Structure formats: structure tokens, C-alpha cells
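Hi everyone, thanks for coming along.

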Amino acid sequence: MPLFATMQGMIAPLHNDTFLRACLRQPTAYTPVWLMRQAGRYLPEYRAARAKAGSFMALASNTDFATEVTMQPLDRFPLDAAILFSDILTVPDAMGLGLSFALGEGPRFARPVRDEAAVAKLEVPDMAKLRYVFDAVASIRKALNGRVPLIGFSGSPWTLACYMVEGAGSDDYHLVKSLLYSRPDLMHRVLTVNADAVAVYLNSQIEAGAQAVMIFDSWGGVLADGAFQQFSLAYTQRVLQQVRTEYEGTRVPRIVFTKGGGLWLDEIAALQPDVIGLDWTVNLAKARESVGAHVALQGNLDPAVLLAGTAQIEAQALKVLESFAAPDQASDATGHIFNLGHGVSQRTAPENVGVLVEAVHRLSRRMRTPNASVLV
Ligand code: CP3
């Protein structure tokens, strides 16, 4: 793993490559940690920046704001990776669906895709419309100055389709599921366009400076067995087949996270991502058994643990670390990236994130020392 990554002709030495090493199952001195939604509403400085920008999209589409907000959690906590501040719904927005986020509400599309005519109109968007995302990636790389690697991301074709058809979040996904069962031909067309759009979007992020990429299949787990393989997994595969695996001579690890995907881990592993993200329903040792040794695992503390106190956070973090590798085997434990099983809750006290990051670093370092007793 080269310690030097080039960016637009500039050499930015990577000071902490622990995250990238763990993605590629190389030995690390401790277990790296970053958190989904590490930049977000639990941080008062995020809420202040959002108020100043006026809206979520104003925040995400402004290079300086997006850079500032990405850096906020890194300035507080010694996290091992940064994640681009943006949203998965930028892609359907660029397809012309009209995205908005009202304060205190979820996302909403002004023009959801609900009939044959709307499906026929869908196209891979001109990446120029997403230029603000690639500009943010380049600006964040500069601001990071090699401190930690930058993760780019996208939604999975299926998860994007959920929002595109429903027009918003949903409790039961009845619109997208009824389309899937009544007009599978239309569903396949939406997913094909989404997969090809996501692939060029991720490649453009990599070319702008993203050093790893993650595909969020947040709603893969709402599908029936059989439907998951046909309507989610097959299109994640179509993305992975098109996304570059290296850039300027450096490997770019790919992470696939299917929330609720615990029963399909062997099939997800067959797509050969570098890393599989896991929610909190899965035991890490059992996951390792079903996916084999050729893929790293990311996860999987229940985000609700961060609503408890210091002692509980440390104890539950230790449980996750030990579930990946029992202490007596930990000296050769490779390929674990600590994360939550889903995003940080907005009700989280910021100092609890600090407690978690410190505990993961300290305990995992100790677990790698042979015969050390790991008492919290
Ligand atoms: O993880 C990070 O820190 C990077 C930024 C990021 C955001 N969204 C910022 C955001 C990432 C990686 C996402 C991904 C995303 N967005 C997913 C996949 C991950 C997951 O949570 O399952 C999904 C499903 C979305 C769609 C989305 N965006 C929803 C459902 C919502 C509303 C719910 C919520 O938590 O508010 C958003 C808005 C959003 N995206 C916020 C943030 C910080 C909050 C917006 C605000 O400030 O009001």
C-alpha cells in the first residue's frame, strides 16, 4: 500500500492509512473506526452551518460548506476516515426529480417516478449536474491534507428506486413493491438506468479524489428472498462491474452495505466487494464464517448504544471487537473496520462519539498484544 496518493499532480502524503489497510485485510496496529452519518445533526456546529446555508441541499451543494461539515467530526474525534458530506439522493435529483429536504422532515421528490411515461423518460444524468459533488471531493481532499482517507458513496440502484417511486421515505414501500410485482419490466428499466448512473457517479468521485467508495443499500432488507437477488443484488453487481478498482496505481476499496442483508451475506460476498458493511443484527464471527476470508467486514454497533453512558459504550464496543476475533486470536485479526450498524442518531451526545472512538482504539490495540487482559 503506497503511503503517497497523488491528486491532480499534487502529492498528499497519507498520514493514517489504517482504514485502507483494514479494507484490504492488511495488518493494522488497531481497529480503525469511522461512523455512518458522522457529520450530522447530533453536532451543534452542523446545525449552525445548516442554519447558515438555509437548507440541506444548500449545505451539500456549496463546496466550502460541504468541506467544513465533512471536517467537523474529524476536528473533534480521531476518526480513521472521512466521508464526503452529501446525500444518496443527489443522483435522482440530477435526473430531474426535484429533491427537497424540509427541516425536521425526510427527503421529498416533486416528480416521483410512478408510471410508464416517467420511467421511459429516465436517463443517466449528465455528470455536469453533479459537478458540485466532485468539486466537494477535491476540496475535502485538500482540506484533509493526508490526515485520513476520504470515502465517496452512492445509494444502491434499488435504494434509490425506493425513493424515486415512493417520492419520499416510506413505512411499507407499497408503491415501489407494487410496481416491482405488477410491472417488473418497468422496475428493471429504472434499476438499469440507476446502476449505470451510480457507476459513472462513483467513478467521477474516484477521479476527483475519493480513496474508497461505499454503496448504501439501505432498503435491500425490505425485499423478499428471491426479489432481493433479482432487484437489488443483481444491480449492485452491475455497478461493481463498472466501477474502477484502482486509480493512479492505488487500490480503491469498495464497500457494500445492505441494511437487513444478514441472511444473504454469502451472496453479497460472491460479488467480491472488498468490504461488507453489517447492521447490528449480525454476529461478526458468524458473518466471517459465511463470507470467507477474502472480504473485510465493517460494523456493527447498534447506534442506540451511543444513547447510554460511558461504561456501557465501552462494554458494548468491546463486545463487537471480541465478536470479530476472540482475544486469544486477536493478534492476527485483520479486516475489521469498526462502525455503527446504521447512522449516528441525532439524539446522540457528541462526547459519546469521543468515548466510542477512544475505546475502539485503546481496546483493539490491547487485544493485539498477546496475552494481554482486556479489561475495560
Ligand atoms: O455519513 C455521513 O456523514 C455523510 C453524509 C450522508 C448523508 N446522507 C447526509 C445527510 C450520507 C452518507 C447519507 C446517505 C443517505 N441518505 C442514505 C444511506 C444511509 C442510510 O441512512 O441508510 C439514505 C437512505 C439517505 C436519504 C436521506 N437523507 C434521508 C432518509 C434523510 C432524512 C433522514 C435524516 O436522517 O434526516 C436524509 C437527510 C440527510 N442526509 C441528513 C444528513 C446529515 C439530515 C438532513 C438535515 O440536516 O436536515
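Of the 376 residues in this protein, 58% are buried. Please keep in mind that what you see is a predicted model.

So what is it built from? The protein has 15 helices and 13 strands. Its radius of gyration is 20 Å, close to the 21 Å that the globule rule gives for 376 residues, so the protein is as compact as a globular protein of that length.

Now let's look inside. In soluble globular proteins, nonpolar side chains tend to be buried together. Here, the largest nonpolar core has 137 residues, and Phe19 and Leu356 are the ones with the most contacts inside it. Which helix gives the most to this core? That is helix α10, residues 184-208, with 13 residues.

Let's stay with Phe19 for a moment. Leaving aside residues up to four places away in sequence, its contacts include Pro32, Trp34 and Asp80, and also Ala212, Ile255, Gln298 and Ile337. As for the whole protein, take the contacts between residues at least 6 apart in sequence: 71% of them join residues at least 24 apart.

The accessible surface comes to about 15,100 Å², and carbon and sulfur atoms account for 51% of that.

How values were computed. Residues numbered from 1 in each chain as written. Predicted model: local features only at pLDDT ≥ 70, side-chain atom pairs only at ≥ 80, totals over all residues. Heavy atoms only, no water. Core = buried A, V, L, I, M, F, W, Y, C linked by side-chain atoms within 4.5 Å. Buried < 20%, exposed > 50% of the residue type's maximum accessible area, 1.4 Å probe, protein only. Helix = DSSP H or I, 4+ residues; strand = E, 2+ residues; numbered from the N terminus. Contact = heavy atoms within 4.5 Å. Rg over C-alpha atoms; globule rule 2.2 N^0.38 Å. Areas by Shrake-Rupley, 256 points an atom, 1.4 Å probe, with all protein chains shown as cover.
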